[in-house]
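Please keep the sequence and the 3D view open while reading.

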Amino acid sequence: MTRVLLKFNENQVDQAITSQVIIEQGIPLNILRAHIEPTRGEILLEIPQDHVEQVVEAFQKRKVIVTVQKQLEIDEKKCISCGACYSLCPINVISFKQDHTVNFDEEKCISCGQCVDACPVRALRI
Amino acid sequence: MAEKKLRTVEEINEKIKKGDAIVITADEMTKLVEEKGVKIAAKEVDVVTTGTFGAMCSSGAIINLGHSDPPIKIQKAWINDVEICHPGAAADLYIGASIMSETRPFEYGGGHIIEDLIDGKQVELRATAYGTDCYPRTRIDTTITKDDLNQFQLLNFRNGYQRYNCATNGRDEIIYTYMGKLLPNFGNASFSGAGCLNPLTNDPDYETIGIGTRIFLGGTQGFVIGEGTQHEPKSQFGTIMVRGDCKKMTSEFIKGASFTKYGTTLYVGIGIPIPILNEGLAKKTGISDEEVLTNIIDYGVPRRDRPILRQVSYQELKSGKIEIGDREVKASPLSSLKKAKDIAETLKMWIEDSSFYLTSPVERLPTDTEFKPMKQTKGVSFVDTLTRQAVTCKENDSIKDVAEQIISRSVNHIIVTDSQGKISGIVTSWDITRAVASGREKLVDIITRKVITTTPDEPVEAAARKLSLHNISALPVIDSTEKVLGIVTSEDISKLIGGRNAHD
């Protein structure tokens with residue numbers, strides 16, 4: 001799965017663009033996060049690996065700005081395994097190993113950013 | 001009656017010298033006591049090592065700079081833009097961990113300076129003075145590293161809490177506290193301390209930990225120099241004051257930290273060896289996470305005495321999930337359990353290597369002190385003392401009606417209520433002006449629905465913070481059923497608080 005961020009402008013927010021792409025391409029897309037305002041919108045999508053190119057093209061044809069999403073970056077040197085981030089993750093990206101080292105399953109991250117400003121040693125970045 | 005002595009500190013030190021001392025960590029002791037019982041554990045084990053690595057705000061370091069030429073009697077000083085306290089004579093300074101940088105507040109502070117200096121980094125010193133006949137210089141700018149300092153001693157007033165509260169948040173918004181980021185509506189929780197590994201938890205009667213006790217501090221050997229501030233052992237909230245040589249410390253166990261929208265602090269690594277002098281100490285060091293209890297507290301209430309939701313054990317906390325009401329929520333440990341264990345293991349290794357010897361306290365710590373609240377000469381002011389009668393309107397009123405009310409009642413805020421008098425929105429004179437300018441006529445189109453409110457029993461300081469955080473100028477006062485009781489304005493609040501500050 002590849003994660004992409006779609007950015008919609010004022011004229012696009014009231015159109016069913018994502019649904020159109022799903023129907024047109026016949027590919028199931030997983031919406032991880034959506035934030036729509038009257039003048040702009042953002043959707044975080046998960047695309048099956050084999051279909052990334054065609055789906056991205058279908059969105060770009062509709063003038064949607066598509067960027068491949070960077071996921072959580074952890075500065076292992078800075079991390080002190082305090083776990084302050086653990087309880088803020090809405091899905092289970094952050095866990096503890098047997099020896100209490102904080103463990104990140106970055107693949108699952110939906111880039112919500114809740115953990116970033118909770119890190120006391122600023123070891124997290126999205 | 002004094003307990004039967006199994007061994008003395010001197011005898012243990014003899015064994016350490018020979019490399020024969022039996023040392024285990026506190027969590028290993030818990031298992032041993034469970035498996036073999038107190039009597040056998042007491043017989044077998046000489047020393048139990050403990051550890052904790054948490055944010056300890058009442059920390060800092062004393063530095064001595066030596067004299068400049070011509071000399072300066074420092075009045076004010078900054079290192080890397082962080083103001084440094086000047087508690088003593090000309091060239092002694094105290095770097096307080098929680099003082100924030102004037103140019104990078106909330107991101108860099110005294111704790112970071114201590115870490116940077118320990119790491120061998122160069123920092124910028126700036127100081128000013130009024131000048132005297134013997135100290136004529138009035139300003140100095142220079143750079144320093146730890147090698148340039150005569151003394152660089154960690155000197156922490158309150159460290160190593162025996163246990164600490166578990167924090168959660170009952171408000172409907174995220175709050176940023178010294179217990180970390182707390183999600184709305186009890187969405188998460190955070191706790192501090194290492195439970196059964198915590199130093200003071202393993203000697204709750206302060207039999208072996210006292211003035212002069214040699215400890216692990218920041219990766220080197222330091223000392224307990226007394227009870228910490230706010231020391232209240234009767235309620236298991238004992239604390240210690242510690243000192244150690246920063247020049248020998250490592251940043252692996254001393255870390256500057258930033259709590260978003262709260263401030264900066266210092267993570268301190270502390271480990272204390274507990275000599276098993278009698279069976280009682282074997283029993284006490286055999287304590288399990290299940291037996292170390294603390295309270296879940298609602299930090300959403302901005303008062304000194306915050307509501308206790310229930311009691312919780314460190315076993316439940318360390319599981320990562322706790323129950324609040326009928327929900328299971330995640331709980332973050334703010335102190336590193338991994339580092340706590342590393343510290344207990346390192347201390348164990350030092351003792352086994354004959355590089356760390358135990359001490360008997362020169363003097364015992366008090367076990368009966370109380371943590372008193374601040375004496376305040378003026379009582380707390382609540383919102384009800386400032387509440388004015390609110391001017392209200394209904395949703396189907398016209399913009400013109402509301403505009404007339406604003407003029408005739410000479411107010412800036414009109415609260416919109418439903419048929420039962422409950423709040424459904426707010427309209428300001430500015431909203432009306434904008435509506436007229438853009439030719440709108442319906443009131444419903446310009447009502448602000450998400451209204452920040454207060455209650456009659458909220459302290460005025462808490463209401464003032466709401467006004468400044470949301471950049472607004474009035475708060476509707478409502479009761480528990482959302483019925484409108486009145487309104488408080490920023491003008492009235494600043495008259496009260498401003499009047500008080502004038503006496504500072």
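## Terms and model

Contact here means heavy atoms within 4.5 Å. The model is predicted, so local features need pLDDT of at least 70 and side-chain atom pairs count only at pLDDT 80 or more, while totals for chains, interfaces and linings use all residues. Residues are numbered from 1 along each chain as its sequence is written, chains are lettered from A and ligands numbered from 1 in the order in which they are written, and side-chain values use heavy atoms, with hydrogens and water left out.

## The two chains

In chain B, 68% of the contacts between residues at least 6 apart in sequence join residues at least 24 apart. Chain B has 504 residues, of which 50% are buried; buried means under 20% relative accessible area, exposed over 50%, and partly exposed in between (1.4 Å probe, protein chains only). Its secondary structure comprises 11 helices and 31 strands. Helices (H or I, at least four residues) and strands (E, at least two) are DSSP runs, numbered from the N terminus. Taken along the principal axes, the C-alpha atoms of chain B fill a box of roughly 95 × 65 × 40 Å.

Chain A has 126 residues, and buried residues make up 43% of them. It contains two helices and eight strands, in the order β-α-β-β-α-β-β-β-β-β from the N terminus on. The C-alpha trace of chain A spans about 50 × 30 × 20 Å along its principal axes. Of the contacts in chain A between residues at least 6 apart in sequence, 63% join residues at least 24 apart.

## The interface

The size of an interface is often given as the accessible area lost when the parts come together. Between chain B and chain A the buried area is about 2,000 Å², with carbon and sulfur atoms giving 53% of that area. Buried area is the accessible area (1.4 Å probe) that two parts lose on being put together, summed over both. B:Lys181, B:Lys330 and B:Lys338 supply 31% of the area that chain B buries against chain A, more than any other three residues. By residue count, 28 residues from chain B and 24 residues from chain A take part in the contact.

Two salt bridges are counted between the chains, a salt bridge being a side-chain nitrogen of Lys or Arg within 4 Å of a carboxyl oxygen of Asp or Glu. B:Glu107 forms a salt bridge with A:Arg122, and their closest N and O atoms are 2.9 Å apart. There are also 16 residue pairs in polar contact between chain B and chain A (both at pLDDT 80 or more). A polar contact is a pair of N or O atoms within 3.5 Å; within protein, one must be able to donate a hydrogen and the other to accept it, and residues adjacent in sequence count only if both atoms are side-chain atoms. On the side of chain B that touches chain A, strand E19 (254–259), strand E25 (327–333) and helix H7 (337–352) each supply at least two residues. E19(B) gives the largest share of that side, five residues.

## Nonpolar cores

A nonpolar core is a set of buried Ala, Val, Leu, Ile, Met, Phe, Trp, Tyr and Cys residues joined through side-chain atoms within 4.5 Å. The largest one has 108 residues, and those touching the most other members are A:Ile94, B:Met29, B:Leu65, B:Ile79, B:Ile114, B:Phe152 and B:Leu154. H7(B) gives the most to this core, with seven residues. A second, separate core of 17 residues includes A:Ile17, A:Val21, A:Leu45 and A:Phe59.

Leaving aside neighbours within four places in sequence, B:Ile114 is in contact with several residues, among them B:Gly60, B:Phe152, B:Leu154 and B:Ile254.

## Two buried residues

B:Asn156 lies in strand E10 (residues 151–159) of chain B and counts as buried because its relative accessibility is 0%. Its side chain makes a polar contact of 3.3 Å with the side chain of B:Ser59 and reaches the backbone nitrogen of B:Gly60 at 3.0 Å. Not counting residues up to four places away in sequence, B:Asn156 also touches others, including B:Ile240, B:Met241 and B:Val268.

B:Thr25 is in strand E1 (residues 23–25) of chain B and is buried, with a relative accessible area of 0%. The side chains of B:Thr25 and B:Lys341 make a polar contact (3.3 Å). Beyond four places in sequence, the residues that B:Thr25 touches include B:Val48, B:Thr49, B:Ala344 and B:Lys348.
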